[in-house]
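Me: I am new to this structure and would like a close look at one part of it. Please keep the account plain.

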Amino acid sequence: MKMITRRGIFLWILCILFLGGLVFMTVSLINNGDVWVMKNYNGHVYNEGKLIAAGAIKDRDDVVLVETKDGERVYNMSKKTRMATLHTVGDMNGFISTGVQSVFESELVGYNVMFGIYEIEKSGSGNDMKLTIDSKINEIAYDALDGRKGTIAVVNYKTGEIICMVSTPTYDVNNVPKDINTSSQYEGAYMNRFLTGLYTPGSTFKLVTTICALENFGSEILDRSFTCNKILDVDGIKEDQIICNARHGKLTFEQALAKSCNSAFGELAIELGPEKLKATAEKLGLTSSVSVSGKISSERGRFFLEKGDADTTVGWTGVGQGDTLVNPASMLRLMCAIANDGKAVSLNIVDDLSNKAGKALGISFKADETQFISTETASTVKELMRNNVMEQYGDSSYKGLNLCAKSGTAEIDDVDAHNTAWFVGFMDDSEHPYAFVVVAEQGNSGSKTAGPMANRVLQAIVEQDNN
């Protein structure tokens with residue numbers, strides 16, 4: 001009797017262990033099945049480490065950017081299209097880690113828990129993905145950068161759809177340069193500068209200082225006047241002086257922003273102090289990552305001000321020339337918030353996913369909005385940015401765009417040609433709700449170099465929308 005009891009207990013233990021193992025394997029399959037399938041030694045999906053079995057990736061107008069044909073990944077026939085969309089689409093080896101071909105590889109392959117990679121074995125490729133970008137606009141942005149390293153991106157600030165996302169330097173995936181890993185010409189070619197670039201913001205950061213002033217001093221700051229003698233003497237030490245780009249004389253707050261007066265904004269930053277500036281920068285998302293389609297993450301910005309920092313450090317930070325580093329995607333998200341009544345919308349680059357039969361599979365990404373600043377503050381900053389264009393940059397240079405913008409020229413060293421040129425803003429237009437960011441390395445001047453780039457791309461988008 002005791003022997004039978006012991007055997008029964010032993011059998012029960014075996015059953016429990018078997019069921020436990022089964023549960024463990026099932027949970028592991030659900031959680032990690034897509035990872036296991038996407039190992040590059042899987043011959044159904046990869047060939048010599050290159051992705052071959054994914055479905056087609058198309059732009060918003062169904063232009064095929066890359067697809068699988070006869071077991072090989074084939075990119076668009078146009079070299080310019082391939083180069084202008086490379087950082088969005090990605091390469092076959094996965095060197096461009098933020099490309100949709102890498103980030104959404106399991107969705108493109110068509111893996112699911114129930115049927116595994118049945119679709120690949122059946123049709124030779126997986127699911128098709130339609131993006132929000134316009135390849136033609138990307139080509140125009142690529143041309144606008146004119147060989148400079150940098151990035152141009154445009155997003156619908158109401159929906160979060162990314163219309164344009166270009167990063168340079170780029171290369172032709174069908175003819176990879178032999179010196180891509182050694183030539184300075186291709187430095188950072190695998191990096192999407194919109195998502196992973198970090199730059200000194202220059203005078204675009206004065207918008208952050210403006211928001212900080214409005215939220216801490218109220219609308220009374222708009223009635224304040226400043227006197228610019230080209231040099232702001234911080235503490236009597238010559239090395240600590242904040243130098244302005246001109247001797248502006250007496251200025252209103254509105255004029256100080258339009259003329260991008262370092263003296264006025266250095267003085268204002270010192271008055272606000274490091275803690276308030278840091279709190280505002282963090283609140284505006286400049287030190288946090290931007291999520292694109294819920295799966296692609298941008299680089300976090302850097303903001304180093306702390307309580308007790310010297311006034312000259314605080315002043316230079318307030319004008320955008322301190323140790324602060326900003327990611328272009330974070331700056332674009334801020335532009336969306338200013339344009340959209342203070343609400344920053346989630347960014348998205350994936351429009352739809354469908355199987356080979358054309359059945360829409362839907363996407364898990366859900367857009368949401370985050371209130372970055374009050375509606376009142378957003379409205380005020382919008383008016384100030386509109387004034388920048390009308391009074392400083394010239395509304396005629398951006399004909400018909402109803403543009404609100406801020407330029408920035410981040411001084412990297414004493415040579416103007418080495419400066420980083422910024423131009424950020426949005427169109428205050430319900431029919432064309434687009435926000436943008438342009439960063440051009442070694443661009444000399446924000447308004448003179450990056451501004452025309454933005455105009456060229458936005459004009460093309462509006463023309464296309466109207467046709």
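How are H13 and H14 oriented to each other: roughly parallel or roughly perpendicular?

Reply: This is a predicted model, and what follows describes that model.

H13 and H14 are roughly perpendicular to each other, because angles of 65 to 115 degrees count as such. Their axes cross at roughly 105° and come within 8 Å. H13 covers residues 328-339, and H14 covers residues 375-393.

On the H13 side, the contact is formed by Met335, Ala337, Ile338 and Ala339. On the H14 side, Ala378, Val381, Lys382 and Met385 meet them. Sorted by type, the residues of this contact are seven nonpolar, no polar and one charged.

H13 also holds Pro328. Pro328 has 0% relative accessibility, so this residue counts as buried; the cut-off for buried is under 20%. Leaving out residues up to four places away in sequence, Pro328 touches Thr151, Arg193, Phe194, Gly197, Tyr199, Trp422, Val437 and Val439.

Two packed helices are described by the angle between their axes and the distance between the axes. For H8 (residues 206-217) and H10 (residues 262-272), the angle is about 45° and the axes are 10 Å apart. That angle makes H8 oblique to H10. The crossing of H8 and H10 is left-handed. H8 contributes Lys206, Thr209, Thr210, Cys212, Ala213, Asn216 and Phe217 to the contact. From H10 come Asn262, Phe265, Leu268, Ala269, Glu271 and Leu272. By type, the residues of the contact of H8 with H10 are seven nonpolar, four polar and two charged.

One more residue sits in another helix. Thr81 is part of helix H2, which spans residues 79-89. With a relative accessible area of 4%, Thr81 is buried. Its contacts, again without residues up to four places away in sequence, are Leu65, Asn76, Ser135 and Glu139.

To return to the request: H13 and H14 are roughly perpendicular, with seven nonpolar residues and one charged residue in their contact. Pro328, in H13, is buried.

Terms used: Residues are numbered from 1 along each chain as its sequence is written. This is a predicted model: local features need pLDDT of at least 70, side-chain atom pairs count only at pLDDT 80 or more; totals for chains, interfaces and linings use all residues. Side-chain values use heavy atoms; hydrogens and water are left out. Axes are lines fitted to C-alpha atoms, for helices over the stretch in contact, and angles run from 0 to 180 degrees between N-to-C directions. Helices (H or I, at least four residues) and strands (E, at least two) are DSSP runs, numbered from the N terminus. Angles under 35 degrees count as roughly parallel, over 145 as roughly antiparallel, 65 to 115 as roughly perpendicular and the rest as oblique. A crossing is left-handed if the near helix is turned anticlockwise from the far one by less than a right angle, and right-handed if clockwise. Contact means heavy atoms within 4.5 Å. Ala, Val, Leu, Ile, Met, Phe, Trp, Tyr, Cys and Pro count as nonpolar, Asp, Glu, Lys and Arg as charged, and the others, Gly among them, as polar. Buried means under 20% relative accessible area, exposed over 50%, partly exposed in between (1.4 Å probe, protein chains only).
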